[in-house]
Amino acid sequence: STKWRAGDWQLEREVFLMAQTAAWVDIYVSDNATMQDAFQFVPPVGGTLSLSGTTWEMSVKASRDDVSPLVTFTSPTQIVIADPVNCIINFAVPDTTIQTDLPAAEYDYDLIMINGAVRTQMMQGKLFVKHGVTET
């Protein structure tokens with residue numbers, strides 16, 4: 001589900017997880033504003049999930065088949081664990097990073113949660129970067 005948090009115009013999304021399945025989520029960002037999307041991960045019925053002790057990374061490529069990513073966002077600076085108990089993360093990627101590393105286009109990404117030696121793909125999809133209207 002998608003909902004707007006009152007007062008700050010920040011998009012917050014809930015991501016429902018199923019065993020061994022990464023959620024497909026398309027993300028839209030403007031190149032003239034900080035990427036601040038927030039996501040809440042909800043465990044499957046009867047399951048548990050905590051983000052305590054985890055780190056995160058999200059690589060972005062022009063194509064899934066590319067060898068190297070154009071950019072990788074990491075915790076704790078660009079991916080913030082906002083609430084480890086309620087499983088909420090948010091991005092904090094400055095517009096200058098978007099402008100420098102991701103010209104307006106369509107990209108592939110995946111979001112990985114790292115817990116010790118275990119790497120779990122939590123989300124994947126398209127990242128759409130659009131030119132903002134207000135000049136920076």
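Me: What makes a residue count as buried in this predicted model?
Reply: Buried means a relative accessible area under 20%. Of the 136 residues in this predicted chain, 40% count as buried.

Me: What makes phenylalanine 128 buried?
Reply: Its relative accessibility is 15%. The cut-off for buried is under 20%, so phenylalanine 128 counts as buried.

Me: Why is tyrosine 28 called partly exposed?
Reply: Tyrosine 28 has 49% relative accessibility. Exposed requires over 50% and buried requires under 20%; the value lies in between, so the label is partly exposed.

Me: How many aromatic pairs are there, and what makes tyrosine 28 and phenylalanine 128 one that is stacked?
Reply: The count is three aromatic pairs. For tyrosine 28 and phenylalanine 128 the rings are 4.6 Å centre to centre, with 10 degrees between the planes.

Me: Why is the pair of phenylalanine 39 and phenylalanine 91 called edge-to-face?
Reply: The angle between their planes is 90 degrees, and the centre-to-centre distance is 6.0 Å.

Me: Why is strand E6 described as largely enclosed?
Reply: Strand E6 covers residues 55-61, and five of its seven residues are buried, so the rest of the structure largely encloses it.

Me: How do you know that E6 pairs with E10 and with E7?
Reply: A pair of strands needs at least two bridges. E6 and E10 (residues 105-115) have seven bridges in the antiparallel sense, and threonine 55 stands opposite isoleucine 114 in E10. E6 and E7 (residues 71-74) are joined by four bridges and run antiparallel; glutamate 57 has threonine 74 in E7 as its bridge partner. Both counts reach the threshold, so both pairings hold.

Me: Which residues touch the most other members of the largest nonpolar core?
Reply: Met58, Phe73, Leu111 and Leu127 do, in a core of 28 residues. Elements giving two or more residues to this core include E6, E7 and E10. Beyond its neighbours within four places in sequence, leucine 127 contacts several residues, among them Met58, Val60 and Tyr109.

Conventions. Residues numbered from 1 in each chain as written. Predicted model: local features only at pLDDT ≥ 70, side-chain atom pairs only at ≥ 80, totals over all residues. Heavy atoms only, no water. Buried < 20%, exposed > 50% of the residue type's maximum accessible area, 1.4 Å probe, protein only. Core = buried A, V, L, I, M, F, W, Y, C linked by side-chain atoms within 4.5 Å. Contact = heavy atoms within 4.5 Å. Phe/Tyr/Trp six-rings, centres within 6.5 Å; stacked < 30°, edge-to-face > 60°.
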